[in-house]
Number of protein chains: 2
Amino acid sequence: MTKFNEFPAVEALHELAHTPIDLSKEGNLSPKRLKEMLTKNLNLKLFYGTERVDEKVLKTLFSLAEEAKALEKMTAMQHGEVINKIEGFESENRQVLHTAMRDFFDSQTEEDEAKKAATLAYAEMEKLKSFLDEIEKKEYTDLIQVGIGGSELGPKAIYLALEAFRKEGRRVHFISNVDPDDAAQVLNKVDLNKTLVVIVSKSGTTLETLTNEELIRKKFADEGLSPTNHFLAVTGKGSPMDDPERYRKSFYIWDYVGGRYSVTSMVGCVMLAFALGMDKLLEFLKGASSMDKVALDPNPEKNLPLLGALLGIWNHNFLGYPTVAVIPYSQAMSRFPAHLQQCDMESNGKRIDKEGHTVEFWTGPIIWGEPGTNGQHSFYQLIHQGTITVPVEFVGFAENQYGMDNSFKETTSQEKLLSNLFAQSIALAVGQKSDNPNKNFPGNRPNHVILASKCDPHTIGSLLAYYEHKVAFQGFIWGINSFDQEGVQLGKVLANKIIGQFAKKSQEEDYEKDFPLGAVYIDALKDL
Amino acid sequence: MTKFNEFPAVEALHELAHTPIDLSKEGNLSPKRLKEMLTKNLNLKLFYGTERVDEKVLKTLFSLAEEAKALEKMTAMQHGEVINKIEGFESENRQVLHTAMRDFFDSQTEEDEAKKAATLAYAEMEKLKSFLDEIEKKEYTDLIQVGIGGSELGPKAIYLALEAFRKEGRRVHFISNVDPDDAAQVLNKVDLNKTLVVIVSKSGTTLETLTNEELIRKKFADEGLSPTNHFLAVTGKGSPMDDPERYRKSFYIWDYVGGRYSVTSMVGCVMLAFALGMDKLLEFLKGASSMDKVALDPNPEKNLPLLGALLGIWNHNFLGYPTVAVIPYSQAMSRFPAHLQQCDMESNGKRIDKEGHTVEFWTGPIIWGEPGTNGQHSFYQLIHQGTITVPVEFVGFAENQYGMDNSFKETTSQEKLLSNLFAQSIALAVGQKSDNPNKNFPGNRPNHVILASKCDPHTIGSLLAYYEHKVAFQGFIWGINSFDQEGVQLGKVLANKIIGQFAKKSQEEDYEKDFPLGAVYIDALKDL
């Protein structure tokens, strides 16, 4: 396997990075450039004239994709090859088949492995459909999803994005944190008799989730309700949670769907089907599946996630910017950046390549963001005038969701929102010269804009898959394994040691010697 | 004024940064070190043994604080000197007196300017108290705070942090985004007849806020209610919003309190007094005021915000880490990182010093974060094993808020939460060696832990002020003006141009030539 740093395109790009286009120079960011550097696929437009790229940089980035066999790797992933592995070392050795979870529509994958996974996934969809019919008779108003990491972040981001489309009288809540205040907050708000609880854990052993489950089961029992009637499991077949004595129904997920890629599996679907109904859930899945096909498009100007991945690599590895801000100009997408934090940073926050060599270049960036226009009144000061350049990925919509809008001084709120988005994209790129140094804006802050018609189920499905594949493409090009997460293990091991110390302490046993560093913190709790 | 780069301590620190203590080396992070590098003031403990500092580095950092006259500048700020300015150029030329907004308790500042501001602030508190008595008779259940930036982020972060303490039957909502879906979401949830609306804008001209105000007023009028009975203004005296015909009452704020430092002014207090009652509001203010006094402590090991500022500068300017993650192990503090994003990045995301020279070093870092343990299941992979080192600031509490907890396998949820916090602090510092490169953790990820007894009004007040002063100290040491925000102007100007284009478009007038770049985006909305 050729290493990232050894690709001819990488050397060429380092050379080009010495003199990227100066967007702050009068006339360089022209309307013509903006129009030409605009591509469309599905119902998404991507404006990238405000990135510091020119024809030559783009061509070389496309060569990089070819040299790294990005498209072949994406195809292998979608076909069900075992790509989650590190050569020569013990590793997860699994397929990566989140795309099969939604491959129910046009031009389905014919490869056996992927087809098998899609068939299994579809059987769960059928199960889900009959479960929904079953509960139609009883008036369930609330669903609490209990899960952490990918079992919460993605599902919650999507639920909030599509809350405007939920069925009347149905609400969803999330409990994730082992912090007991998190659960208390939610349980105070619902009528348990009309509440379903979905416990999500692939292994059936996630500490935070089981702790919260116990707490909620107790609350049901205290109110004289049978938890088994109200609790559903989303888990691996045969896991400790796959138990009809304790759950009204189990919905299955598989090892080949990672937590951070699991929104379109039962991890997200049970909750979304309850909230939105099957039709809208299917639209959402179809939007995602359509983007899966786009990710196989050999034309890099049409392959949106590949193009996004390459622009990101240019900013990160060649222009040297350590972070990326994702800023949706839509309040509904408020938790989308938090989902992307996991999807991207857990996937690509790696320091070894797929052969176990320590990498000598930057892998995944730090992803952060808040919705606009709010961010403008917060961290944009630094983005415009700070000493660290932050590439920005904007997302916007032509229409709003609720259709409730107000014309004030001749424009609607939605138009004001879009005006701000467009203005920021331009302002960051071109900057402004002034005799007052405090009113000087250096410009050349790279950014791009994704524009869609409306934040609806289909579009949100496409956006979700767009980012999943953007992340995967970057991992493919860097030659790392984007699908494991060994980096979370050490903290777990040490936490269990300290939990053991707390347990001993409650029994008045000696806990210090087990882990003296932990004991220092425990002892410091005394005189607070 | 000596520039940051010219301080003798800066040169010495650059030298020391070549060989910072290796915390991954067996025995270097000892229980003894942890205990010694632990300081307490008020009810807060700060553990910094997991930072890459030793006695020599600390001493040199303390010299840096002296050379930069950090304490004198903090004193000048709290005394009401005009410090918000750039020498030799047009600038805001204002005092910075957020500390006066809560200087109602022990050892009050005697300086005339600060005293005058505190007296004015206290008069507003009295007004607020009688207003609260007045509304006791009518059953108001909900309050909607309409504001953006500092009028939302800080107040919302604090409200969520203290929601556990709110008066029964009272809820607060926030509308900030010009996105009309944001307002629709909230308005669907409340009974307008029992709802107060607080419009917050110092200038009385904030576009987003006025747009949302119009939309909400219309909704009140549609339901046959008089907005004037329900609407309160928090604004500058004499602003367009200071109008008894339109608002039931106006509460005042002043130019010398910046938006991002305004939580303890009427911007936060009206809402918090409604939600928590006057007593708890006063505890919160007292907690903040106590920390203001700590920030004047000449002993840098007791002056928590100064110590925090110096540790941050060490990581940022000398070890070269571009970002900081703030991770509270408390779900209640979920929006605290978003508030800090504004407070820190808008204050210190600057590129000129106070004499107008372009700086040649990094100013403010990128601040981001989510509550733990959730983050562990998300971005911690990158923090542990990524290629970009992220310093972490942890915050934790000995007790939970609701008192609802559950012992599961011999420990409570709160103990599990704390175990995770402590474990992460240690794991990031020491790392782990393994023959499997994928199970290798390099360690030396600098972090510190702030521990308090409980997330209650007094503690949250102290924490709020701790971060305000940490940010201010960093600005003082870098020699920049942390109190203006010229960097948000350019985007506003261009947004208004594009809004003008949308308005012309709606009148079917020619809008292209006014701003051809804006027109490209507007035209792209057509065929989505």
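In which sense do strand 2 and strand 15 of chain B pair, and over how many bridges? To find out in this predicted model, select residues 44–47 and residues 447–452 of chain B, which are strand 2 and strand 15, and you will see that they pair in the antiparallel sense over three bridges. Within this pair, Leu46(B) has Ile450(B) of strand 15 as its bridge partner.

Now widen the selection to the open sheet of chain B, whose six strands run in the order 1-2-15-12-10-11 with mixed pairing. At its edges stand strand 1 (38–41) and strand 11 (366–368), each of which has a single partner strand, so that one side of each is left without a neighbour in the sheet. From one strand to the next, the twist averages 20°.

After helix 4 comes Gly80(A), which has a positive phi, near 95°.

Finally, show both chains together: a rotation of 180° with 0.0 Å of shift along its axis superposes chain A on chain B, with an RMSD of 0.0 Å. The two copies are therefore related as by a two-fold rotation axis. Select Trp368(A), the residue of chain A that comes closest to the rotation axis, with its C-alpha at 3.3 Å. Because 99% of the interface residues of chain A are also interface residues in chain B, the copies meet through the same surface.

Key
Residues numbered from 1 in each chain as written. Chains lettered and ligands numbered in written order. Predicted model: local features only at pLDDT ≥ 70, side-chain atom pairs only at ≥ 80, totals over all residues. Heavy atoms only, no water. Least-squares fit on C-alpha atoms with pLDDT ≥ 70 in both. Contact = heavy atoms within 4.5 Å. Helix = DSSP H or I, 4+ residues; strand = E, 2+ residues; numbered from the N terminus. Pairing = 2+ DSSP bridges. Axes fitted to C-alpha atoms, helices over the stretch in contact; angles between N-to-C directions.
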